[in-house]
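Colleague: I would like to learn how to read a protein structure feature by feature. Could you take me through one slowly, giving the general idea before each case?

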Amino acid sequence: MPLTLPQLERHLFKAADILRGKMDASEFKEYIFGMLFLKRCSDVFDQRREEVMQRELTACKTDAEARESAELKRWYGQSFYVPPKSRWKYLVNEAHVDVGGFLNRALGGLESNNSSLAEVLEHIDFSRKVGQSKIPDIKLRQLISHFSTYRLRNEDFEFPDLLGAAYEYLIGEFADSAGKKGGEFYTPRSVVRMMVRLVKPEQHHSVYDPCVGSGGMLILAKEYIDEHGQDGNRAELFGQEANGTVWSIAKMNMLLHGISTADLRNEDTLAEPQHAEGGELMRFDRVLSNPPFSINWGTADTNRGGQAVWAPKFRAERFRYGEVPLGAKKADLMFLQHMVSVLKDGGQLATVMPHGVLFRGGEERAIRAAMIEADLLEAVIGLPANLFYGTGIPACVLVMRQRQGNHSGKPSERQGRVLFINADREYFEGRAQNHLLPEHIEKIANTFENFAEVPGFSAIVSNAELRDNDCNLNIRRYADNVPPPEPHDVRAHLVGGVPKSEVENKAALFKAHGLDALALLVERDAYYFDFRSELTTRQAVKNAIETYPGLVAREQEVRDAFDAWWQVHSPRIIALAGAPGLVGLRNDLLHSFSAALEPTGVLGRFQVRGIVAGFWDDAKYEFMTLMARGARGVVDAWRISIRTGIDDDQSNGNPLGHKLVKLLMGDFVDALAELEVRKAELDSQIKAATPDKVEREDGEEAEPSDDELAVDDAQLKEWKRQLVALKKEVKAKEQGFAQRLDGAVDALDDAGAATLLLAVLRNDMQAILDRYVSAQRRQVIETYETWWDKYRVTLNDIEQDRKGAATELDSFLRALGYV
């Protein structure tokens with residue numbers, strides 16, 4: 001059985017649980033990453049070693065000769081050579097006392113025997129003190145035992161990049177747990193996807209991140225290239241990171257994703273840029289980055305001769321547009337200038353920046369002015385607050401393009417102009433953080449791609465206007481997205497009625513959803529409507545909208561369009577089985593789905609495209625399993641994930657709710673649900689018939705009333721007997737669930753597995769579509785509910801209620817003799 005992504009994610013999270021409590025996530029992440037990397041290298045080495053020994057034995061060598069030959073490094077050019085004391089089996093058998101020392105020597109041996117790992121693992125110290133003590137041997141032994149659970153060879157995975165996907169998951173979990181410190185090494189992947197979409201890397205491009213963190217920008221750039229029908233492995237990836245531990249994590253991240261050619265360096269980018277050739281900075285086609293916000297620009301310290309200590313390399317070449325004062329916490333535009341300086345002619349960058357760089361004065365204003373004059377700035381995109389780990393402040397993304405010799409590098413229609421996008425309202429509110437959804441990314445990226453002005457969202461501003469505004473790039477100054485205030489009609493508040501002007505303003509929304517506004521309203525006079533007389537409550541308004549024939553028909557039209565589209569395009573998904581890559585499937589689905597559903601008019605363009613993008617993100621790893629193992633492989637992976645959850649007693653909810661179980665074992669699920677209902681009914685009947693005894697004031701127990709003893713003892717006894725029998729039946733069914741699941745999956749042939757896979761994926765996409773349609777319907781309902789709340793109760797009604805309450809109060813006071 002292959003190892004699935006949910007299995008591996010649970011496995012890694014449990015490893016973190018072993019150390020959790022002794023230290024926080026920002027401290028123990030390196031140990032988990034180091035242990036995982038060591039286990040992976042050892043398992044791949046063992047596999048290659050077995051192959052070499054078999055080859056040597058086939059060549060008529062003795063067992064001893066084969067073993068001796070298999071220890072030669074020359075056999076391991078495509079993988080890592082793992083010396084004997086770094087091998088997992090040795091650690092399992094020998095590391096019992098001073099386990100930290102054993103692990104450190106194992107990592108040191110792995111590093112010293114493989115030049116590509118130079119300095120990568122030396123930052124990980126299992127013997128380092130955490131607080132007042134080291135990690136105890138018993139904890140480290142637990143980690144070794146835990147990581148021994150699964151073998152980590154490629155053949156053991158449901159799809160080839162499984163380990164890289166799980167590593168990314170773990171990085172995200174650590175960033176979430178580490179809070180503020182998480183922002184030092186992790187940019188939310190939705191933000192990275194949006195940035196990658198903006199610069200559109202291709203396989204012939206070189207891509208660079210000067211503040212590479214855990215490597216997410218580069219990895220998603222490669223994935224973007226793969227998803228668009230090219231070979232991401234042919235792109236050249238470069239990065240630099242100042243923090244040694246984070247650099248190690250990035251290196252391991254690349255290697256676990258199967259990216260062995262990425263050139264990542266460890267040094268302070270501002271002071272010591274490492275990517276240089278022949279005494280000159282290297283140039284790149286694309287730059288993507290999220291540099292640390294507002295750190296110090298060097299230091300104002302001087303030596304005895306009064307000269308500044310801070311002397312960054314390539315200073316004049318990189319910071320030609322100006323510098324902020326030394327020691328000031330304003331290094332943001334210095335990072336930006338570095339990025340511009342390493343772009344090839346016409347090259348493009350997208351970087352996250354704090355809003356302060358857009359409008360602060362002094363030297364920063366001068367730098368902005370020089371960059372605007374050089375026509376480098378292509379777009380300024382405002383992002384929502386609370387997207388990033390470690391800060392709740394909103395940030396922005398700057399898109400810039402290097403000049404072509406003496407001319408602007410921007411497309412001719414964009415030269416001398418800057419696109420401002422105000423996307424600070426485009427987010428989904430999460431528990432602790434906000435998130436960009438696929439529809440938000442589509443809206444931002446599509447607006448940028450078309451360099452479009454969208455009222456209340458984006459604006460195109462000339463460089464001349466920016467100069468007139470003193471090079472102030474405050475986004476809201478140019479693209480104000482503040483929604484108009486809720487209108488209030490004084491006459492309607494006083495005497496009732498819904499203003500016709502307000503109804504007309506919502507005509508497009510009602511038309512899109514197939515609703516005739518007059519289905520719920522009647523004309524009062526030339527300027528106002530009233531709610532129909534039969535609509536006496538707010539709930540009645542909601543019910544009338546949801547059952548309106550035109551609205552129901554329009555929503556059915558959307559579902560019919562989806563069904564027709566799925567019928568035509570779903571075979572493309574099954575065709576992935578055995579395919580070498582995703583070969584542009586995402587783009588095909590995106591464009592065809594948009595063409596099929598946009599004409600219905602219910603959902604906007606970005607919502608429609610967001611449905612496909614969301615479906616793709618959710619199903620991406622299933623597509624990868626489909627390519628590697630076929631439809632049966634995907635179904636098997638689901639089965640394993642369900643069973644692992646049951647075995648671990650942490651199935652992320654009820655395993656009966658898994659999408660595979662619902663479709664494959666619907667009768668079983670329904671029967672079990674019916675038993676649960678009967679059990680709950682009997683349980684409540686028994687509780688109602690056996691009331692709790694009430695203690696009297698004198699301390700004695702009161703006898704239950706005659707009403708409470710309506711059920712005789714015989715009936716109660718029978719109910720209890722039935723409840724016991726039902727519980728046994730439910731337990732027997734639950735215990736037989738895994739066996740039933742195995743039987744149902746094993747009974748599938750390849751065609752049946754493909755049909756089942758498409759049914760599950762169709763249901764997934766249908767659910768996303770239904771959520772969007774429901775959200776649109778909710779907008780219609782909320783419009784009418786707002787009118788109801790604003791105008792249904794008039795001033796006259798309030799006065800009448802007040803008069804009635806005063807009369808009633810007066811009668812009470814008279815009855816009590818107070819008046």
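Modeller: Let us begin with the surface: the accessible surface of the protein chain comes to about 38,200 Å², of which 49% belongs to carbon and sulfur atoms, and such areas come from the Shrake-Rupley method with a 1.4 Å probe, where for residues only the protein chains shown count as cover. This is a predicted model, in which local features need pLDDT of at least 70 and side-chain atom pairs count only at pLDDT 80 or more, while totals for chains, interfaces and linings use all residues. Residues are numbered from 1 along each chain as its sequence is written, and side-chain values use heavy atoms, with hydrogens and water left out.

Colleague: What percentage of the 819 residues of the protein chain count as buried?

Modeller: Buried means under 20% relative accessible area, exposed means over 50%, and partly exposed lies in between (1.4 Å probe, protein chains only). By that scale, 50% of the 819 residues count as buried.

Colleague: Which residues of helix H27 are buried, and where do they lie around its axis?

Modeller: Helices (H or I, at least four residues) and strands (E, at least two) are DSSP runs, numbered from the N terminus, and the protein chain has 29 helices and 20 strands. In helix H27, which spans residues 737–746, the buried residues are Phe737, Ala738, Leu741, Asp742, Ala744 and Val745. Seen down the axis of H27, these residues fall within an arc of 165 degrees, so they line one face of the helix; the arc is that of the directions from the helix axis to the C-beta atoms.

Colleague: Which residues does Ala221 touch, not counting those up to four places away in sequence?

Modeller: Contact means heavy atoms within 4.5 Å, and with that rule Ala221 touches Val196, Pro201, Val207 and Leu288. Ala221 has its place in helix H9, residues 216–227, and is buried, with a relative accessible area of 1%.

Colleague: How is a pair of aromatic rings described?

Modeller: A pair of aromatic rings is described by the distance of the centres and the angle of the planes. Rings of Phe, Tyr and Trp (its six-membered ring) pair if their centres lie within 6.5 Å, and planes under 30 degrees apart count as stacked, over 60 as edge-to-face and the rest as tilted. By this rule the count comes to 26 aromatic pairs. Tyr76 and Tyr81 form a tilted pair, 5.7 Å centre to centre with 55 degrees between the planes; Tyr76 is buried at 3% relative accessibility, and Tyr81 is buried at 8%. The rings of Trp616 and Phe623 have their centres 5.1 Å apart and their planes at 55 degrees, so this pair is tilted, and both residues are buried.
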